[in-house]
Amino acid sequence: MPEYGPKFKEEFVMVRHLPKIHTEEESTQCNNCWWLCCCCNENWQKVWAVLKPGFLAFLADPFDATLLDIIIFDVLSPSDGNGEGQILLAKLTKERNPLRFGYTVTCGNRTVKIRTKGSGKSRDWVAAINDAGLRPPEGWCHPHRFGSYAPPRGLTADGSEIQWFIDGKTAFEAIASAIEEAKSEIFIASWWICPELYLRRPYDVNASSRLDALLEAKAKQGVQIYVLMYKEVTIALKINSLYSKRRLLNIHENVKVLRYPDHFSSGVYLWSHHEKIVIIDYQICFLGGLDLCFGRYDTPDHTLGDYPPKIWPGKDYYNPRESEPNSWEETLKDELDRQKFPRMPWHDVHCALWGPPCRDVARHFVQRWNYAKRNKAPHEQAIPLLMPHHHMVIPHYLSGKEKRDVLREDQEEVYQEIKKRSSFSTQSSFQDIPLFVPRVDSEQDRAARHSKLNGLDKTVLPFFRSRSNMEACFTETQMKDFVDDHDIVFFQQRKPEGRVLQLKQNLSEKEWWEMQERDGQSVSTEEVGQVGPRTACRCQVLRSVSQWSAGTSQLEETSIHAAYCSLIEKAEHFIYIENQFFISGLEGDDTIQNRVLQALYERIIRAYNEKQCFRVIVVIPLLPGFQGGVDDAGAASVRAIMHWQYRTICRGKNSLLENLEHVLGAKVCNYVSFYGLRSYGRLCEGGPLATSQIYVHSKVMIVDDRAVLIGSANINDRSLLGSRDSEIAILAEDNEYVDSYMNQQPWKSGRFAHSLRLSLWAEHLGLRGLEVNNIKDPVSTETYTHIWRGIAETNAAVYQDVFGCIPNDMITSRYAFRQEMAKQKEKLGHTTIDLGIAPDKLEDYENGNYKGTDAHETLLKTCKGRLVSFPLQFMSNEDLRPVFNESEYYASPQVFH
């Protein structure tokens with residue numbers, strides 16, 4: 001099993017926690033027992049133990065690959081609770097019988113007792129297991145930077161690469177292509193899965209790209225498919241995971257499905273599994289904000305209508321603000337009247353990972369799968385335990401010689417890496433790798449990265465490879481500026497011989513001149529779009545997990561939260577955030593526990609005191625994406641989330657803006673501002689002109705155009721405290737740099753971060769082609785004030801004039817909302833739940849004479865892009881918390897934040 005890493009130790013041992021293993025030698029086993037018949041007592045039985053770099057596995061014998069049990073090494077608790085120091089992975093045990101020798105292995109919430117033939121063997125096993133759990137570079141049993149289970153990757157040319165996707169179309173197409181290339185196994189974990197989801201559109205000519213069809217085709221080829229689904233509380237959510245599970249299980253016997261948690265037995269009712277993961281053959285991993293479910297597919301146009309249906313069939317024409325389907329079984333049956341109601345456009349960010357970060361995500365999946373299997377289906381032979389791959393996978397479709405060559409090369413790399421790092425302490429600081437330090441690889445590193453990906457030709461996955469037009473650079477920045485005094489640095493920066501401009505030889509003359517006209521800007525227009533360049537980066541996988549969600553040894557892992565706060569603290573020029581929620585607390589807030597808000601507050605105050613130009617831009621949904629009008633009796637959940645978000649942003653003593661205004665006064669808007677996204681269009685030919693918010697579901701933060709955090713975690717306690725929802729994210733720090741500007745000064749921006757930020761802003765602001773150059777400096781007055789804020793404020797005013805839609809600053813109470821709703825219904829006869837239908841003609845007067853203006857033409861002439869200001873005064877005169885006659889009043893407030 002070379003794909004699981006080198007063997008550290010293996011031999012027969014005795015265990016008693018496993019079900020009875022039936023063998024042909026059972027009748028004579030006692031006659032040959034050399035362990036004083038302990039195998040006959042207390043259910044002890046002989047198994048073959050194999051110690052690998054990241055786990056201890058138990059097999060029936062050396063020639064049987066069937067996995068009986070596995071202990072996956074995980075970050076241990078810092079103390080045993082009795083003040084006796086850190087818990088050890090393995091410990092010797094004292095047996096009452098002096099002729100018996102054994103030890104225990106404790107990891108997660110499990111302790112396994114093991115016996116050997118002699119005391120020397122037990123000591124050897126204990127030493128080997130503890131060494132395997134702490135050995136660099138992984139050191140799975142001690143926390144890495146931010147307290148993560150996974151170490152930073154990409155410090156050398158190890159094949160760590162990342163690529164971003166904006167909106168569902170490009171991400172789903174990439175996932176479909178990857179599934180079609182699967183050779184061995186597919187892992188899927190999601191909050192919601194719809195087997196009938198089309199990953200390519202138009203759907204009528206892409207029947208084979210439906211998720212269940214793709215999985216069925218691969219299952220019939222022998223690919224093993226493992227699906228982890230969140231088991232919802234049915235009275236609270238209508239995602240019907242039981243239906244999805246049955247559909248998936250009916251596809252093929254090679255499809256295995258687990259739903260978790262069981263609420264009654266686990267006692268977990270309020271929290272969910274929120275990750276969105278797809279892993280193919282340990283070679284490529286997708287993660288971010290996109291579930292494989294209805295409503296998520298979208299394009300940069302964010303179209304509102306689809307009549308007759310071509311892109312969004314049946315219930316995929318989705319608007320949870322208007323109506324949530326009670327059943328997802330009749331998927332081709334429309335839930336909404338397409339000629340009256342718009343779909344709710346969906347904005348998201350996803351990414352693909354290659355190399356060691358991909359395997360780190362797969363290890364997380366395997367840990368979760370095994371934990372769910374032990375709790376849900378401990379005796380089901382059809383649902384196997386899984387083993388995590390180590391360092392690299394050796395695909396079964398390579399020939400024998402190729403396998404041997406790749407294995408020898410990989411083992412040599414592992415040996416050299418361990419040898420190089422053996423002098424460092426295995427106890428890593430949470431902050432052991434500096435942030436934002438530009439590092440340039442040697443020519444050999446770059447050649448290795450581009451010629452080899454984990455021992456495989458990159459043509460295995462042929463899609464989305466952008467040309468590399470970048471300039472390598474080195475900035476002599478002292479590492480003490482980025483790390484704390486107690487930090488341990490595991491890598492050395494290497495200075496290049498000189499600055500080398502790398503250009504692909506196939507550039508056309510037009511493309512070359514395009515680059516010159518942009519003053520050396522080396523992110524081409526090809527890299528500004530919906531798919532990013534596949535880029536070598538320093539990457540670290542982060543999580544929010546705990547004992548209930550992943551069976552961890554420590555109470556919880558909160559590395560996503562730690563990374564957010566650290567990135568904000570170390571930001572030099574700007575922070576850009578897109579998130580589905582924005583609920584956080586300041587120091588002293590006893591209700592909200594995450595401290596993203598405190599980190600933002602402190603960083604802004606520091607910038608003000610030091611007279612720095614510093615910007616924070618936050619883009620969130622205009623309204624929570626749940627069913628019910630703001631004033632509806634059944635929409636208490638909508639109002640509750642609004643309460644917590646406004647409490648965070650601008651209302652009350654715990655809010656960011658109110659506290660900043662005490663210090664900064666009217667200058668607050670120069671440092672931080674909030675926005676949403678909105679779209680408009682006709683629902684059908686000759687149909688009504690409608691608008692809807694674009695639901696911001698992305699969970700991304702970009703700092704200084706050098707670091708990007710992408711994942712599934714929202715900014716709220718549910719996602720960041722670790723003990724609540726389970727989440728996963730990736731922190732990418734660029735290795736490749738391009739010429740740019742920051743506050744009108746030359747700046748080396750990271751290729752990955754810079755291209756993602758430019759692409760997001762170009763979509764939101766409606767910029768095309770060379771217009772994008774106007775926003776490459778994110779903090780200048782021209783960009784921030786005149787372009788970004790100017791477009792947002794203009795768009796918001798136009799939408800208010802044309803539609804009178806909500807939320808807006810003119811409606812500050814539920815009474816005012818009722819009046820406006822009644823007025824529009826009387827005037828138009830029909831409107832949406834958020835007042836999203838426009839009259840054909842706008843009331844306009846010239847020289848005292850009525851002149852009707854075409855509403856559509858007005859929008860076309862004056863609106864640019866999708867960005868609008870976030871209405872800070874909406875419902876400001878209302879207490880939006882649930883009241884005693886609403887069921888939400890009796891639910892824990894933690895559900896909403």
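Predicted model: local features only at pLDDT ≥ 70, side-chain atom pairs only at ≥ 80, totals over all residues.

**Cavities, pocket, sheet and helix packing**

There are 12 cavities of 30 Å³ or more in the structure.

By class, the lining of the largest cavity comprises eight nonpolar, six polar and four charged residues.

I turn next to the largest pocket. It holds about 1400 Å³ of space. The pocket is lined by 44 residues, and those closest to its centre are Ala 236, Leu 237, Phe 626, Ser 637 and Val 895. Two helices, H13 (636–649) and H15 (717–720), each supply at least two residues of this lining. The largest share comes from H13, which provides four residues. In terms of class, the lining of the largest pocket is made up of 24 nonpolar, 14 polar and six charged residues.

Now to the sheet. Seven strands form an open sheet in the order S4-S3-S2-S1-S7-S6-S5, and the pairing is antiparallel. Which strands stand at the edges? They are S4 (67–72) and S5 (90–93); each has a single partner strand, so one side of each is left without a neighbour in the sheet. On average, and with direction ignored, neighbouring strands of this sheet are turned by 35 degrees against each other.

Strand S1, residues 9–15, and strand S7, residues 110–116, run antiparallel and are joined by two bridges. Met 14 has Arg 115 in S7 as its bridge partner.

Two helices lie across strands of the sheet. Helix H1, residues 119–134, lies across S1, S2 (45–52), S3 (55–59), S5, S6 (101–107) and S7, and runs at about 15 degrees to S6. Helix H6, residues 356–376, lies across S4 and S7, and its angle to S4 is about 125 degrees.

Let me move on to helix-to-helix packing, where H17 takes part in two contacts that I wish to describe. In the contact with H16, the axes of H16 (residues 751–765) and H17 (residues 781–802) come within 10 Å and cross at roughly 50 degrees. H16 is therefore oblique to H17. On the H16 side the contact is made by Trp 761, His 764 and Leu 765, and on the H17 side by Thr 783, Ile 787, Trp 788 and Ile 791. Sorted by class, this contact of H16 with H17 has five nonpolar, two polar and no charged residues.

The partner in the other contact is helix H19, residues 855–862. H17 and H19 pack at an angle of about 175 degrees, and their axes are 10 Å apart. The two helices, H17 and H19, are therefore roughly antiparallel to each other. Here Thr 794, Asn 795, Val 798, Tyr 799 and Val 802 of H17 meet Ala 855, Thr 858, Leu 859 and Thr 862 of H19. The classes in the contact of H17 with H19 are five nonpolar, four polar and no charged residues.

I close with some details of the backbone. Where are the cis peptide bonds that I would like you to inspect? One joins Arg 201 and Pro 202, with omega of about 0 degrees. Pro 202 is in the loop between strand S9 (185–190) and helix H3 (211–220). Another leads from Tyr 307 to Pro 308, with omega near -5 degrees. Pro 308 is located in the loop between strand S13 (284–288) and strand S14 (346–347).

Phe 146 also deserves mention. Although Phe 146 is not a glycine, its phi is positive, at about 65 degrees. This residue, Phe 146, sits in the loop between H1 and strand S8 (161–166), and H1 is the helix already described as lying across strands of the sheet.

Thank you for your attention.

Note on methods: Residues numbered from 1 in each chain as written. Heavy atoms only, no water. Axes fitted to C-alpha atoms, helices over the stretch in contact; angles between N-to-C directions. Parallel < 35°, antiparallel > 145°, perpendicular 65-115°, else oblique. Contact = heavy atoms within 4.5 Å. Nonpolar A, V, L, I, M, F, W, Y, C, P; charged D, E, K, R; others polar. Pairing = 2+ DSSP bridges. 1 Å grid on protein atoms, 1.4 Å probe; cavity = no way out; pocket = protein on both sides within 12 Å on 5 of 7 lines; lining within 4 Å. Points joined across faces, edges and corners; volume = space filled by probe spheres on them.
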